Amino acid sequence: MKKNRPLLIIEDSDEDFEVTCWALDKIGFTHPIIRATRAEEVLLHLQSRATAGDWNDLLPCLVLLDLNLPRMNGLQFLKEFRAIESPPAIPIVVVSTSNNPSDVSTCYSLGAAGYLCKPLSLDSYVEKLRYLTHYWFDAVTLPE
Amino acid sequence: MPEANINPIQSEAPPPITAKNVDLSNCDREQIHLVNAIQPHGVLLVLNESTLSIIQVSANTESFLGLSSEAMIGQTIDCLLDNENVAALRSQLATKNLADGFAHLLTVSCVHTNERFHLFGNRIDDLLLLEFERPNDTERFSDTNQFLRLNNTIQQLRGSTSLLQFIGVVVDQIRDWTGFERVMAYRFDTDGCGEVVAESKSPELEAYLGLHYPASDIPAPARRLFMLSPLRHLPNVDYLPVPLIPENPPLLNGRTVDLSYSFLRSVSVMYSGYLRNMGAKATMVLPLIKDGELWGLISCLHHSTPKYMPYESRIPVEFLAQIMSQMMNDREKMDYYGYRSQLDQTLHQLAAALERTKTFEQALVSGKVNLLTTIDAQGVALIINGKLTLLGKTPTEQQIGLLVVWLAQQDGLIFSTRRLPHDFPLAQTFKVIASGVLSIRFSLANSDGIIWFRPEAQQEVSWAGNPNKPVEVIEEGQEIRLSPRTSFALWKEYSSGQSRFWLTCELEYAKQLRQVISDIMVNRTSLLTQINAELERSNAELEAFAYVASHDLKEPLRGIHNFAELIKLENNVHSPEKRLRRIETILSLTNRMDSLLESLLKYSRIGLSELDLQSTHIGNLVSQSIDVLKQANPEMGVTFTIQPTLPVIDCDRMRVEIIFHNLILNAIKYNDKAEKTVEIGCNTSVNPVEFYVRDNGIGIPIHYQEHVFQLFRRLHGSDEFGGGNGTGLTTAQKAIKRHGGRIWMESSENVGTTFYFTLAPDLISKKEMIR
């Protein structure tokens, strides 16, 4: 896999984005990271396959999706993403504060590739992200 | 032992039981309608109706019609009647209903003797049966006299003030009309036993008044038979039956003529034997029917000689019995008048208590007026939701438990007995308290209901003979036969396991109370369903609320935690500026959390307190809200337009202030135009009045319109448009709903949004308005 394919993080909270980046840096994650604060922008981009703003023209290799977003929330995004005609081959992992069982099952039934519940402690968050990157970038093969 | 079978089961294997082989062991199966014989006071002819040819005839025609029975077989009716009478007969046959019994057809004159006869007809099994009876020529009343006499009798009946007095008049009048030596009124108990309740007799006769007769004296089949015929008459107990000849006419193919409805039909030997044992020579019986049921009998006995009642004399008596049956209801209502009106009053008081109090137990048992007020019972059990509440003298809970199971097996929603230990042997142990039971069930689905208990009434009963020995065994040579009892000597017995009768008005009271209670139950059930639905909705709302609240509060909390950890971890690694920035982030997150908690508190308060409705000038209220907003943001540069005709309405002022504050704040916030305008107005031409807040702001995309009222749901980043936390519209909506109103919007992107709302429930639902 090309090392330069980016990880896309859809997250509206600046604080949360900063902490996630810090944690990824800490575990030695080297892929470029791009951020979107609006799910509907991502959808528009994927739908048109057009580059917009500071978007890399490479498609992301993995998406980390927050659920609690203004306007289009994470669940709606998953739904709309599935509705795209020939959707791009990108796994979407939900990263959320919510541990509501109905959210978890809804996400999987809408095609989420994983569900990571954000813990309170920074250490455990770092650990969880370590497992996540090991799995997606070392263990499994992502589409080219 | 009277005649029992009007419709016997036609058994195949054993030979039919007829007069030839009947005894008391089988008289309940005796096929008395196939007796093939009649009494001698008339003549019976069996004919083919279309040809009027005679198939079978009673063997006594010579003395009546002047022609021998043998000579008539195979002839047509013309051998007895002239052409004119035959024509009249044919026209009667064409018009009269002859299927349900014998009907009087005409009075004819016999060609051989010139004697006049009443002619009666009945059509059965494709055969025509004709009966000839002699008219009464000696004792004939003129029609006017008969009418005047009947009228006088009816006047006397009307004058009676109780059922017993009424029946007393009846037996006196019938004795007067008929000349029978003894006329008795006999009332059936529910168990088939009977009691002589009124008697009119010649002074030399022994009185039967007050005597009881066991059920076997007039068994159920006989009681049914009495319902069917208006009058049964046996002029001479010692009559010689007249056979029909020939015994087996070839035309009937071995069938025996069905004499079910025949007035002349020969009676069961058991019946005549019974009457002989009683010392009667002649009898006549009329049914007393009340509410369509056999209430009792008028029984006329003649002891000294046989007594024949000709047709003319029977008519007014039959008529009288029918009038009596019709008047009995009214007479009984006059009985217990005071008791009835007290029961009525109690019913009303209980119904009022049921409306007023929360539980059935409170209304029916605890009050001063309760289930034992008025009604003649010593104890009562109330069962609600399977829970037993007792009042007064009752069996134990365990005993009632058994009784309830048994009662549930009885038909119908209302049940009564005065002989519970006889019907339900387990009740023997508590018969002193509960020999009588009156019960109602509220529904067939469970055993909830009310049971009243009536104690055993120690009572002396006078039986006409030993009721436990209704038959006697007689040895006749080699044969042993059962025979009707011969002894009617007074037999005194102390009744056990019996209470006083339940009166019609008591049953009626129970029935009405049941109706009142089940109506209330239905109402309460539907109210409960409504409350449950409401509760379910508010539970679901609470669950969603708790989830959203915890989730959204956790977000800033986690941020604070993470940044504090970062500071700890990065000690001395980064510049002081960077550390300061981290601390500022933490502070801003605590501010956000505080604002969330504050909004949450406001939101929950909206639903907490009761609505405080006061007359409120909405125009003034809106102006004040705008002033408050202007003071907080002096440079917001918004043009407000307030419709001058805003009404004065009854509403909760505090909550309506919150509604306008939040809607106007929203209108100002989400607006990026240079010239911001907010318009507040209402449409008073509809009911309830529709208020609106209109802006020229950014608008809400159509897909997100349904989400804007969700708690903590923002359509924009927390730092855009002055940083809302997604509670403003949710709080406004809650305040509106608290008034019973609703909120909706019209919006288009970059043009503006209008929120509409009402402050009272819709008179008709929106759906119906569209329709």
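Two residues are in contact if their C-beta atoms, placed from the backbone, lie within 7 Å. By that criterion, residues 24 or more positions apart account for 63% of the contacts in chain B that have a separation of 6 or more. The structure is a predicted model, for which the predictor gives an ipTM of 0.81 and a pTM of 0.52 for the complex.

**Chain B as a whole**

Chain B contains 18 helices and 29 strands, and of its 771 residues 34% are buried. Its mean pLDDT is 83, with 87% of the residues reaching 70 or more. Two stretches call for caution when the model is read: over residues 1–14 of chain B the pLDDT stays under 50, although the model has 34 contacts for them beyond four places in sequence, and over residues 765–771 of chain B the pLDDT is again below 50, with one contact in the model beyond near neighbours in sequence.

**Nonpolar cores**

The largest nonpolar core has 44 residues, and those with the most contacts inside it are B:Val170, B:Val171, B:Ile174, B:Met184, B:Ala185 and B:Ile298. Among the elements of chain B that give two or more residues to this core are helix H5 (163–178), strand S7 (182–188), strand S13 (293–302) and helix H8 (311–334), and H5(B) supplies the largest share, seven residues. Another core, of 34 residues, lies apart from it and includes B:Leu364, B:Leu403, B:Phe430 and B:Val437.

In chain A, five strands form an open sheet in the order S2-S1-S3-S4-S5, and their pairing is parallel. Strand S2 (33–36) and strand S5 (114–117) of chain A are the edge strands, each pairing on one side only, and the twist from one strand to the next averages 20 degrees. Within this sheet, strand S1 (residues 7–10) and strand S3 (residues 62–65) of chain A pair over four bridges in the parallel sense, with A:Leu62 in S3(A) as the bridge partner of A:Leu7.

The contact between the chains takes 16 residues from chain A and 18 residues from chain B. On the side of chain A that touches chain B, helix H1 (residues 14–26) of chain A gives the most, with four residues, and the residues of that side divide into five nonpolar, six polar and five charged.

**Backbone features and single residues**

| Site | Feature | Value |
|---|---|---|
| B:Ile245 and B:Pro246 | cis peptide bond | omega about -10 degrees |
| B:Asn687 and B:Pro688 | cis peptide bond | omega about -5 degrees |
| A:Arg71 | positive phi | about 50 degrees |
| B:Asp125 | positive phi | about 50 degrees |

B:Pro246 lies in the loop between strand S11 (242–245) and H7 of chain B, whereas B:Pro688 lies in the loop between strand S26 (676–683) and strand S27 (690–695) of chain B. A:Arg71 sits in the loop between S3 and helix H3 (74–83) of chain A and is buried, because 20 other C-beta atoms lie within 10 Å. B:Asp125, in the loop between strand S5 (116–124) and strand S6 (127–133) of chain B, counts as exposed because it has 9 C-beta neighbours inside 10 Å.

B:Asp594, placed in helix H14 (residues 576–608) of chain B, also counts as exposed, with 11 C-beta neighbours inside 10 Å. B:Asp594 and B:Leu553 are 41 residues apart in sequence, while their C-alpha atoms are 9.4 Å apart in space.

Technical notes: Residues numbered from 1 in each chain as written. Chains lettered and ligands numbered in written order. Predicted model: local features only at pLDDT ≥ 70, side-chain atom pairs only at ≥ 80, totals over all residues. Nonpolar A, V, L, I, M, F, W, Y, C, P; charged D, E, K, R; others polar. Pairing = 2+ DSSP bridges. Axes fitted to C-alpha atoms, helices over the stretch in contact; angles between N-to-C directions. Core = buried A, V, L, I, M, F, W, Y, C linked by C-beta atoms within 7 Å. Buried ≥ 20, exposed ≤ 12 C-beta atoms within 10 Å, placed from the backbone. pLDDT = per-residue confidence, 0-100.
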